[in-house]
Amino acid sequence: MSRLVIVANRVPDPKESGATAGGLAVAMKDALAKRDSVWFGWSGRTADATGTEAALTRHGTTTYATVDLGHDDYKHYYQGFSNAALWPVLHYRLGIARFDRRDFAGYQHVNTAFAQALAPLLQTDDVVWIHDFHLFLMAAELRALGCRQRIGFFLHVPFPPRAVFNGLPHAEKLLEALVAVDAIGVQTEDDAENLRGALIAIGKGDVAIRVGAFGIGIDAVGFAQLAAQRVRSKDVVRLQESLAGRSLAIGVDRLDYTKGLPQRIAGFGAMLERFPRHRGKITFLQVAPVSRGDVAQYRQLRRELDEGVGRINGQMAEPDWAPIRYITRAVPRPTIAGFMRVARIGLVTPLRDGMNLVAKEYVAAQDPADPGVLVLSRFAGAVGELDGALIVNPLDPDDIAEALDVAMDMPADERLDRWSRMWASVKANSASVWCRRFLSALEGKEAVADAGSSAAESKPRRARKKAA
Ligand code: GDG
């Protein structure tokens with residue numbers, strides 16, 4: 001079997017267990033275990049200049065190959081073009097994107113340097129799978145160095161309509177670089193349509209047919225087991241005792257403006273205002289580990305959240321009850337799983353999200369005998385697979401408030417009915433199924449359009465009416 005070469009901005013720590021590893025590492029676990037593989041990317045460290053020779057370490061069947069980023073490249077490639085320009089534009093937020101030509105030069109430089117460091121490691125029949133928006137240009141750079149291997153590219157975040165994407169300076173250069181890719185994966189059929197449209201508009205119809213929707217999944221059974229085990233752990237018992245019989249609503253998100261956190265907090269506040277009978281009956285726990293704290297838009301978001309939480313707690317709290325608990329530290333994954341299991345409501349309300357794994361994790365974590373209710377944004381890719389959720393417009397606090405009110409009163413049989421449908425879908429489209437489907441397209445065993453998670457599965461269905 002040919003080797004699988006994974007390329008991503010960050011390389012996971014090989015010593016991390018399944019319990020602490022990030023989403024991509026979990027999703028790739030089966031594929032990596034079954035074949036000889038290489039995981040290539042940034043070490044997470046900075047140095048005077050970006051390396052063009054990778055440092056290698058071997059763990060099991062995988063070689064981890066890493067390079068450091070130069071200080072300037074960290075600033076321009078990572079903080080600049082990737083996080084302050086591409087990330088907002090791909091999430092439809094042209095207005096807050098910041099452009100600087102030096103950032104794009106840094107982005108080009110790192111994509112070239114990564115290709116130079118990876119090319120000498122490649123063997124003739126390797127299959128190369130490049131991940132995400134940091135590395136749009138890398139396949140083309142590998143081709144320029146004479147690499148002839150099959151190359152795939154998967155975009156974990158949304159792809160916006162062409163009119164939005166074209167607001168990005170150098171948008172066309174990113175699209176043109178995809179000519180070098182054999183199979184291009186995105187999360188949903190809407191993303192696929194948008195990307196195809198952008199490619200066709202620049203005369204790349206032949207590339208557009210290599211685009212398919214492959215919605216990413218989670219290790220559903222593993223996460224369900226973790227949640228069931230952790231429910232009796234010290235942290236979860238302490239949390240439950242502190243609730244003193246109140247219901248728990250939970251949110252778990254990187255502290256990112258795409259996740260709709262201020263709007264969610266406002267929605268929770270609106271629920272307490274409009275439906276006062278829930279006051280003192282529910283506590284909202286938001287876990288929001290700080291991410292990209294050195295990018296300006298993220299610092300501003302943090303201030304906004306501090307204020308929003310403080311305002312609602314100040315107005316509504318009683319001596320023995322604060323409506324919102326808000327943690328900006330990362331919480332260990334097993335504890336998150338246990339917290340999700342005891343939460344009556346999962347609040348997942350991003351303004352835009354490629355997929356959103358938290359929504360699937362919340363479903364997987366539920367007790368099948370007494371499942372909770374998922375309140376889900378209509379703008380998360382996951383909505384196409386989770387039609388048992390209460391689907392809301394995350395920009396409308398009143399919509400969130402009404403869904404919370406419905407969720408608080410939802411009878412057990414309706415909760416079970418909605419959850420069962422979602423659990424079947426989360427299990428069926430697991431991380432390893434996702435991985436297999438994409439690799440099958442990349443290795444030419446199936447046409448990209450056929451291997452994808454099928455248009456019907458990934459296309460957001462019309463928002464379901466909320467329970468009466
Ligand atoms: C990108 C796309 C797409 C969160 N806080 C803690 C913690 N987490 C974990 C969650 C979940 C993961 O991080 C976040 O995954 P998401 O999918 O929700 O979001 P992004 O990080 O934005 O990921 C997204 C994904 O790529 C995969 O393709 O779904 O749309 O934006 O697993 O549980 N984990 C721990 N402590 C925390 O405090 N341990």
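This is a predicted model: local features need pLDDT of at least 70, side-chain atom pairs count only at pLDDT 80 or more; totals for chains, interfaces and linings use all residues.
Q: How do strands of a sheet pair up in general?
A: They pair through backbone hydrogen bonds, and the pairing is either parallel or antiparallel. Here, 6 strands form an open sheet with parallel pairing, and their order is 11-10-9-12-13-14.

Q: Which strands stand at the edges?
A: Those are strand 11 (324-327) and strand 14 (390-392). Each has a single partner strand, so one side of each is left without a neighbour in the sheet. On average, neighbouring strands of this sheet are turned by 20° against each other, ignoring direction.

Q: What joins strand 9 to strand 12?
A: Strand 9 (residues 247-252) and strand 12 (residues 345-348) run parallel and are joined by 2 bridges. For Ala-249, the bridge partner in strand 12 is Ile-345.

Q: Which residues is Val-373 in contact with, leaving aside neighbours within four places in sequence?
A: Among them are Ile-345, Tyr-362, Leu-390 and Ala-407. Ile-345 is that bridge partner of Ala-249 again.

Q: Which helices lie across strand 13?
A: Helix 14 (residues 357-365) lies across strands 9, 12 and 13, running at about 170° to strand 13. Helix 15 (residues 397-409) lies across strands 9, 10, 12, 13 and 14, and runs at about 170° to strand 14.

Conventions:
Residues are numbered from 1 along each chain as its sequence is written. Side-chain values use heavy atoms; hydrogens and water are left out. Contact means heavy atoms within 4.5 Å. Two strands pair if DSSP finds at least two bridges between them. Helices (H or I, at least four residues) and strands (E, at least two) are DSSP runs, numbered from the N terminus. Axes are lines fitted to C-alpha atoms, for helices over the stretch in contact, and angles run from 0 to 180 degrees between N-to-C directions.
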